[in-house]
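Me: I'd like a close look at one part of this model. Could you pick a single spot and walk me through what surrounds it?

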Amino acid sequence: MRARVTAGWLLLLLLGCSSNGAAPRRGGTGGAIDEETGGAPGTGGTPGTGGAPGTGGASGTGGRGATGGGGGAPDASANDAPGLDAVPPPADAGGDTTLNPPASGQGPKAEGTIEYDQDFEKDMAGLGRSPPDLPASRAQIVDDPLGMRGKVLRIQWLPGDDFRSAPQFKPKNFVSNASAFHYVAGDRVSYAWGYMTESTYIGATLAQNITGGDPIWMIQGRDDGIMDMVPGLVRLPVKLEAKKWYDFRAEVYYVAGAAGSIELYINGTKVFSHKGGLPIGTNGHWDGGIYLTGFGVMGQGLNTPRTVYFSNLSCGRK
């Protein structure tokens, strides 16, 4: 009888320990959404022992930009669809020391059959200021301050500048290639351009392909030379240094569905790729310059002047 009672109490004790154990830990929540560009999808928290993994936070929803020549930066990340590939960074992800040197002469060339090529030695034909009321002094041809690439296009944003495509969009001092070269569904295109910034604080979109207000791809600079890439707001593995030329090349296979693709190269090194989910329109084109982002108007952003340079722009069709 004593043995049966002892066994019963032991069973109750074990059940009580099981029912009163610590609750599983909840996973972490997703990242916050940036007002202008949208946050990257939140990553799940580390699960506790016995707990379910945390779920990521919702990514930003895509906003629409201005239509036409200048286009608009989205209010949030435009594409979070599967297929993003943050290309493994070079050995030294803290800078650009592992990149190839930039091209000699006036910069890189697009691949395929070149249909537009502007080196700024004579004029800036094929590039319109965006928005149209942007003063000529904010986007004009000058001598390369490094003395390496002849004539270049200088674009400046100065405190107090408030040029916009529409009141709901942020200030931008841009140029647009929409009238000279554009692409449609089914095309394979290549864009190449040289880029230099006077400061590692950028706080703006520096280049994009856009159609009907929707970005096909977009490169956004932050501070300390950091760059993010849309679709997905993926952190690029290269940090820009001030007063140094970089060669960018973007390759786009512009089709709907999973076959569509984007690849970005800097100094010949692939730094980003994406598959599927491209917004399909009738006037895919290149814009570049300084288009302030939500990050770029925070803190000292509105009081920080920016100056960037483009050494050339070429567009090819494959």
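**A look at R249**

Reply: R249 sits in strand β12, which spans residues 246-253 (strands are DSSP runs of E, at least two residues, numbered from the N terminus). Keep in mind that this is a predicted model, where local features need pLDDT of at least 70, side-chain atom pairs count only at pLDDT 80 or more, and totals for chains, interfaces and linings use all residues. Residues are numbered from 1 along each chain as its sequence is written, and side-chain values use heavy atoms, with hydrogens and water left out.

So is R249 buried or exposed? R249 counts as buried because its relative accessibility is 16% (buried is under 20% relative accessible area, exposed over 50%, partly exposed in between, with a 1.4 Å probe and protein chains only).

The R249 side chain makes polar contacts with two glutamate side chains: E251 at 2.8 Å and E111 at 3.3 Å. A polar contact here is a pair of N or O atoms within 3.5 Å; within protein, one must be able to donate a hydrogen and the other to accept it, and residues adjacent in sequence count only if both atoms are side-chain atoms.

Leaving out residues up to four places away in sequence, R249 also touches K109, E111, S190, Y191, A192, E263, L264 and Y265 (contact means heavy atoms within 4.5 Å).

Moving to the loop between β11 and β12, you'll find K243 there. K243 has a positive phi near 55 degrees, though it's a residue other than glycine. With 55% relative accessibility, K243 counts as exposed.

Note on methods. Helices (H or I, at least four residues) and strands (E, at least two) are DSSP runs, numbered from the N terminus.
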